[in-house]
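Subject: Structure handover

Dear colleague,

Could you read the two side by side?

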Amino acid sequence: MDKGYIRIAFIVFVLSACSKPETHLNEIQVIGSHNSYKKEIEKPLWNFLYQKDSAKALSLQYAHIPILEQLKLGLRNLELDVFDDPDGGHFSNPQGLDILRENGITPLPYDTLNKLAQPGLKMFHIQDIDFRSHHLLFSDCLQMMKKWSDENPTHTPVFVLMNTKDQKVEGTRDPLPFTSKAFDRLDEEIKAVLSEDDLITPDLVRGNCKTLEEAVLKNGWPSLEAMKGRFLFVLDEKAEKIASYLKGHAGLKNRILFVNSPEGNPEAAFRIINNPIRDFDYIKDLVAKGYMVRTRADAATKESKTMDYTRFDRAKASGAQVISTDYYIPTKLYNSSFKVAFEGNTYERIPARDE
């Protein structure tokens, strides 16, 4: 055999052996914020709520810096709550403002641009009670995200969990039901701002496979490099709303959001498993099979008030790709230094499973 050929073959072999393996989307781990849009409940109203239900008020004692600042800080998971309001005005003038006025307190400025009167999805936590938001309009938040992404085209993909809210809360106005038509509007608002090249969609991941689940379990998720600069949306809801979102879109065909469907369903790919202590082995098993998982490092302000990192440690060790927290920076609402970040004060790491 020609020695030159052998030499070239050897060089190719060495380069191949030494090249860095390609990282896939499900082989990273990111930290992000829970209810990312949420502003602080102003103190006099919080005090009023505390007198009515101290446990509930304490669970609401958290707030976030603007979403743009979170993205600049390095967070790569956002969680957004939206309410349907196709005609506009349904959530204008929240009752919490009247409660303050009735107690002789002038509320802080609110909705000075009359955003709530506009048709479209609204973004806040609880109607009439916890209503202050960095973006009252979902579309405004999307436009901010798009602008930031265009200015940072190689960013690690941002995972965006969506809660579609229509829960009734005693003493507050009733929200509108989140119907199949409301889900259509949700997709339409996203597509009005973000292009196909801005998104990681179920159709993209499914490719030529028969189902989305088959694609992630057999072919795996796309490479991280190919997905940089994009957003991946997930519907964080239970079976009834998932069925509504799937209506007319079997297997999530032509839909924007992934859904939290259990294993064995054709659309199963991304799971929401909130408790990494109780469900540690379950999360590890899901990750090992090829699913993506979002879990939580803390909940209801409890860990920050007890300086308990157990939940975060288990979240990291479980391999869950997306970890949500209210404390990527310490709170300013009470005395606590609790902070959730990876080694080196970072909010993403590659690969994820290096515990």
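The notes cover the sheet, the pocket, the cavities and the aromatic contacts.

This is a predicted model, in which local features need pLDDT of at least 70 and side-chain atom pairs count only at pLDDT 80 or more, while totals for chains, interfaces and linings use all residues. Residues are numbered from 1 along each chain as its sequence is written, and side-chain values use heavy atoms, with hydrogens and water left out.

The sheet

Four strands form an open sheet in the order 2-3-4-5, with parallel pairing (strands are DSSP runs of E of at least two residues, helices runs of H or I of at least four, both numbered from the N terminus; two strands pair if DSSP finds at least two bridges between them). Strand 2 and strand 5 (258-259) are the edge strands, each pairing on one side only. Strand 2 pairs with strand 3 (residues 158-164) over six bridges in the parallel sense, and Asn77 stands opposite Phe159 there. Strand 4 (residues 231-235) and strand 5 are joined by two bridges, also parallel, with Val234 opposite Phe258.

Strand 2 (residues 77-82) is largely enclosed by the rest of the structure, because six of its six residues are buried (under 20% relative accessible area; exposed is over 50% and partly exposed lies in between, with a 1.4 Å probe and protein chains only). In a regular strand the side chains alternate between the two faces of the sheet. In strand 2 both faces are covered: Asn77, Glu79 and Asp81 are buried on one side, and Leu78, Leu80 and Val82 on the other.

The pocket and the cavities

The largest pocket has a volume of about 720 Å³ (a pocket is an open set of points on a 1 Å grid over the protein atoms alone, with protein on both sides within 12 Å along at least five of seven lines; a cavity is a set where a 1.4 Å probe fits but cannot get out; lining residues have an atom within 4 Å of a point). Grid points are joined across faces, edges and corners, and a volume is the space filled by probe spheres set on the points. Of the 26 lining residues, His34, His125, Asn163, Lys165 and Arg296 lie nearest the centre of the pocket. Helix 3 (54-59), strand 2 and strand 7 (292-296) are the elements that give two or more residues to this lining. By class, the lining has seven nonpolar, nine polar and ten charged residues (Ala, Val, Leu, Ile, Met, Phe, Trp, Tyr, Cys and Pro count as nonpolar, Asp, Glu, Lys and Arg as charged, and the others, Gly among them, as polar).

The whole structure has two cavities of 30 Å³ or more. The largest cavity holds about 40 Å³, and its lining residues include Phe91, Phe124 and Arg173.

Aromatic contacts

There are twelve aromatic pairs (ring centres of Phe, Tyr or Trp, its six-membered ring, within 6.5 Å; planes under 30 degrees apart are stacked, over 60 edge-to-face, the rest tilted). Phe83 and Phe91 make an edge-to-face pair, 5.2 Å centre to centre with 65° between the planes. Phe83 counts as buried at 1% relative accessibility, and Phe91 at 4%. Phe83, Phe91 and Phe124 form one aromatic cluster.

The charged end of Arg314 sits over the ring of Phe280, 3.6 Å from its centre (NZ of Lys or CZ of Arg within 6 Å of the ring centre and within 35 degrees of the ring normal).

Regards
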